[in-house]
Amino acid sequence: MSNRALWTEAMVSNVTGAEYAARMYLEQTDVRHYLQLASLNHSLKKACEIGAGYARLTPILEEFADSVVAFERESDLLAKGSILHPSIEYRATESLSSLQAKNAEFQFGMFFTVLQHMSDAEAIAALEEAKRIVSQNGNILLCEDCDTDYDHENSSIPGAAFTLSRSIETYKTWMKPWNLVDVSPRRVEPTETRIEVGKYMLFAGSDVLRQV
């Protein structure tokens, strides 16, 4: 039995009500922007979100890709997402480092505040798997906490739900030979007390000739 934290629907966001609605609007707008950039290089036949939860943001991928897959390891979140978004293909996985997908099956992949809740070893393995399943002429979008002065809870405690912030340079190193082609702040509701809550980082595979 793994000691990893069990993520629930209530843990997906730390805000509710009007603040949650404002955050969703901003996040959907920004994810849509990066999908538009990615689609400049190639048509998106298949896109995926890795660690999709109940598909809070996954439906945006359907606006640009012919088909969308959501990878999720929590059975309750997977079940809820499957009911709410039946057009999305949900694939259950025990680990984000071992996904049920073919090599280069997708042209776009996304992690949204997933890697920041994983140890270094787990995050590196998940990124390697993403680079396997997303084609070299595609894009991978990360949205993760990059404020290295901020760490929430203790990542050394088995089963803890923690946030481990890492620098953009760390993600650039881990993503090699993929190239970082665009960065922007993660926008959330103005009432959020933290000034820095994350960065969007768009990576392009080595076969992408035109950088965004």
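On a 1 Å grid over the protein atoms alone, a pocket is an open set of points where a 1.4 Å probe fits, with protein on both sides within 12 Å along at least five of seven lines, and its lining residues have an atom within 4 Å of a point. A volume is the space filled by probe spheres set on the points, which are joined across faces, edges and corners. The model is predicted, and local features need pLDDT of at least 70, side-chain atom pairs count only at pLDDT 80 or more, and totals for chains, interfaces and linings use all residues. Residues are numbered from 1 along each chain as its sequence is written, and side-chain values use heavy atoms, with hydrogens and water left out.

The largest pocket holds about 850 Å³ of space. It is lined by 35 residues, of which Trp 7, Met 11, Val 12, Thr 113 and His 117 are the closest to its centre. By class, the lining comprises 15 nonpolar, nine polar and 11 charged residues (nonpolar: Ala, Val, Leu, Ile, Met, Phe, Trp, Tyr, Cys and Pro; charged: Asp, Glu, Lys and Arg; polar: the others, Gly among them).

A nonpolar core is a set of buried Ala, Val, Leu, Ile, Met, Phe, Trp, Tyr and Cys residues joined through side-chain atoms within 4.5 Å; buried means under 20% relative accessible area, exposed over 50% and partly exposed in between (1.4 Å probe, protein chains only). The largest such core has 28 residues, and Val 31, Phe 108 and Met 110 have the most contacts inside it. Elements that each supply at least two residues of this core include α1 (17-41), β1 (44-50) and β4 (106-112), with helices (H or I, at least four residues) and strands (E, at least two) taken as DSSP runs numbered from the N terminus. Helix α1 gives the most, six residues. Another core, of 27 residues, lies apart from it and includes Phe 71, Val 114, Met 118 and Ala 130.

The buried residues of α1, among them Val 31, Tyr 34 and Leu 35, pack against β1, α2, β4, β5, β8 and β9 (contact: heavy atoms within 4.5 Å). In α4, the buried residues include Ala 126, Leu 127 and Ala 130.

Two alanines have a positive phi. Ala 55, in the loop between β1 and α2, has a phi of about 70° and is buried, with a relative accessible area of 2%. Ala 104, in the loop between β3 and β4, has a phi of about 55° and is partly exposed, at 40%.
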